[in-house]
Amino acid sequence: MGQISNLGRTYLREYATDGVPSSGQNKPKKAHGRAVFDAITAARPSIANGATIGNAVVFSTKSAMDGDLGHSAGTLGVVYNDSTASNNGIYRKSGGSGSGSWAATNLALPSTFAADLAALESEFDGLTVNDLRGITSIAAASSIDVSAVSSDTIRITGNGDIAALGTMSGGAEITLIANDSGGFRLINDTDSIRILGGDLTVPQSYSVTLKSHGSGVWRVTGGTAWVRARLLEKADESAVVQLTGNQTIAGTKTFASAPSVPDGSFAIAKVSGLQSALNGMVSTSGDQTISGTKTFSSAPSVPDSSFAISKVSGLQAALDDIDDRGVNDWRRTATIDAAANMDLSAYTHDMLRLTGYAEIETLGDVPGGAEFVLIANDGFVLKHDSSKIRVPGGDLQVEAAYSVIVRSYGGNIWRVIGGTAWAKRGLDTKADDSAVVKLTGDQTIVGTKTFSSAPSVPDGSFAFAKVSGLQTALDGKLEVATARARYAQYSRVAPPIRPGEGIEFFTSALDGEPSGLSALPDSAAVTSQYGKVAKIDGAGTVAPVAAWRIEPGHLYRVRFVVTRAVDTEDPSNDAVRLGIRWLAAGKTGVGTTELANILDLTVEDGRVERVFTLATAAAPDVDVTPPAGGIYFRPFVRAFGSGTTHVEIIQVVDATDAVVWSPSVEQLQGQIASLTAQLQALADRIEALEA
């Protein structure tokens with residue numbers, strides 16, 4: 001029985017590799033299932049060999065006992081009906097299961113053992129197999145009530161579909177066995193019988209196990225019919241193509257896409273028609289005879305000397321003809337005398353050698369399109385005349401051994417179109433290649449060259465010394481770094497307050513020493529209706545290069561003036577921020593104070609001015625105090641969004657010594673009333689004296 005259990009565990013194990021979840025869920029194979037049932041079939045005879053009572057196995061004869069050694073050591077064996085009376089009795093097994101022997105003990109069977117056993121047999125004579133197994137039969141119907149029987153194993157007789165099983169308490173389990181040929185079918189319904197995979201057919205002798213969920217709801221949990229259905233869903237392992245190993249595949253298989261196979265998998269004979277196709281092709285190597293006429297779209301490339309002269313049609317005859325000709329014949333050249341008026345129509349050669357010197361004015365009447373090459377034996381001149389010989393550039397001197405090509409336009413009109421003499425005249429007008437400046441390479445240029453416009457050269461091409469008077473002009477000038485350092489030192493005496501008037505003293509950076517900050521570009525300074533201003537296109541920042549020391553006991557007034565030159569797309573959210581950047585002793589940032597975020601600023605608002613007071617200690621008239629570590633400050637204007645913002649003024653004033661006179665109006669009114677009363681008293685006295 002241990003073998004059956006082991007085969008069952010292997011067949012229905014949880015994971016592909018037993019006990020290893022990472023290997024994935026196991027997919028039961030039919031071969032493993034068949035092995036389980038084969039083991040059960042093989043075990044049936046040994047199961048029926050004897051009845052087990054406690055630790056004793058009962059045998060009718062001693063020979064039956066001696067033939068059954070499949071028991072552990074110490075097992076008791078009872079022989080009760082052997083024809084040899086002395087063989088009947090109680091025995092003890094020695095040795096492990098499958099080996100050893102049975103030995104008689106001193107224990108004797110009760111005298112009534114055989115009679116009691118016979119009585120027991122007679123008691124069972126009237127029972128059926130179903131009675132022994134606790135099985136009750138119910139006829140198949142669309143609705144049956146399994147709660148009406150006491151047995152949990154029910155044999156279903158007849159055929160048909162079963163859609164309801166009645167109601168039992170949750171957790172109860174039953175097993176239904178198909179009794180008749182054709183079996184029965186359970187109908188899948190989530191409110192009645194829940195079956196994984198749908199309706200389940202239970203063939204004859206197959207079983208199905210169900211568990212109650214209460215309220216008439218059941219769920220199939222197993223059984224041989226359910227296992228059979230799952231096995232039928234699987235392909236037979238011997239009938240499918242495996243990922244590894246050699247197999248023979250029968251029939252025609254059509255692939256949706258070409259299968260990938262190793263190079264050289266198929267011989268030429270395995271590809272239908274391939275050998276025949278190859279037999280009619282020209283190979284890239286080896287000797288072959290090619291029949292028929294082959295026309296190439298381009299000339300084939302062959303090794304030198306591939307063909308004999310006789311293989312080229314007409315070549316030998318042409319060579320023989322050349323051997324019979326003189327040099328002039330071979331060149332199709334005729335020699336004639338040069339003259340002022342010549343008639344080239346009298347010659348069949350298109351190349352003429354002219355002897356003697358002449359200034360040629362006409363060449364005769366030849367059909368248009370005809371071309372001649374005139375070669376100077378001694379030299380001649382072609383005279384330019386638009387109605388006779390048209391020579392670009394005027395009369396052409398053709399020196400000895402030079403040539404000129406002429407073309408007829410009919411009607412005694414000719415034109416020079418080329419030749420070495422004509423090319424020579426063109427070259428004579430060109431500069432010597434070694435005497436001109438090239439586009440590339442290093443050259444030394446002699447003499448003074450005057451350019452109509454300044455030449456474009458890479459930055460840093462010339463040293464100061466190469467520019468006349470530059471070093472003298474620069475001597476005595478302050479370097480930018482020095483100028484900024486001095487400005488940073490003295491700017492508190494009279495710092496610039498209008499960025500547009502001194503753009504080089506304003507920056508977009510907030511942190512750092514003044515000497516190390518980059519100034520705003522000159523293009524940032526523009527003229528507006530309010531004078532010169534610094535322009536911010538879109539988002540940007542304007543701040544002084546200078547940084548101010550905020551001294552204890554001093555009061556500083558910071559004034560900003562800004563305008564919107566071009567409205568933003570979203571004025572309500574695109575603010576103009578007025579702020580203070582606090583700096584440590586080394587001019588590194590330690591914090592930022594937002595003095596104001598001006599929203600809804602538009603062109604119509606014109607100039608917007610804001611004034612704020614700063615000090616090291618809080619006071620009623622102080623708007624801002626520095627954070628810890630802040631001993632310098634740098635005011636700034638920062639624009640957000642699109643549009644264009646103008647920064648007109650960023651001013652810092654030490655207002656510590658400024659006195660603000662605020663006279664008392666009530667006191668003045670009292671004094672005026674007192675003076676008025678005194679004047680009235682004087683008037684009364686004068687009036688009394690006069691009376």
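I looked up Val261 and found it in the loop between helix H6 (224-233) and helix H7 (274-279). Helices here are DSSP runs of H or I with at least four residues, strands are runs of E with at least two, and both are numbered from the N terminus. The model is predicted: local features need pLDDT of at least 70, side-chain atom pairs count only at pLDDT 80 or more, and totals for chains, interfaces and linings use all residues. Residues are numbered from 1 along each chain as its sequence is written, and side-chain values use heavy atoms, leaving out hydrogens and water.

I checked the exposure of Val261. Val261 is partly exposed, because its relative accessible area is 39% (buried is under 20%, exposed over 50%, partly exposed in between, with a 1.4 Å probe and protein chains only). With Phe266 and Val271, Val261 makes a nonpolar surface patch of about 270 Å².

Next I turned to Asp570. Asp570 sits in the loop between strand S31 (556-566) and strand S32 (576-583). Asp570 is partly exposed, as its relative accessible area is 31%. I found Asp570 in a surface patch of negative charge with Asp567, Glu569, Asp600, Glu604 and Asp605.

I noted how patches are set: residues have over 30% relative accessible area and no salt bridge, like charges are joined within 9 Å, and nonpolar side chains (Val, Leu, Ile, Met, Phe, Trp, Tyr) within 5 Å. A salt bridge puts a side-chain nitrogen of Lys or Arg within 4 Å of a carboxyl oxygen of Asp or Glu.

Last, the whole chain. I read 13 helices and 36 strands. Of its 691 residues, 29% count as buried.

Methods. Areas by Shrake-Rupley, 256 points an atom, 1.4 Å probe, with all protein chains shown as cover. Lys, Arg positive; Asp, Glu negative; His and termini not counted. Charge placed at Lys NZ, Arg CZ, Asp CG, Glu CD.
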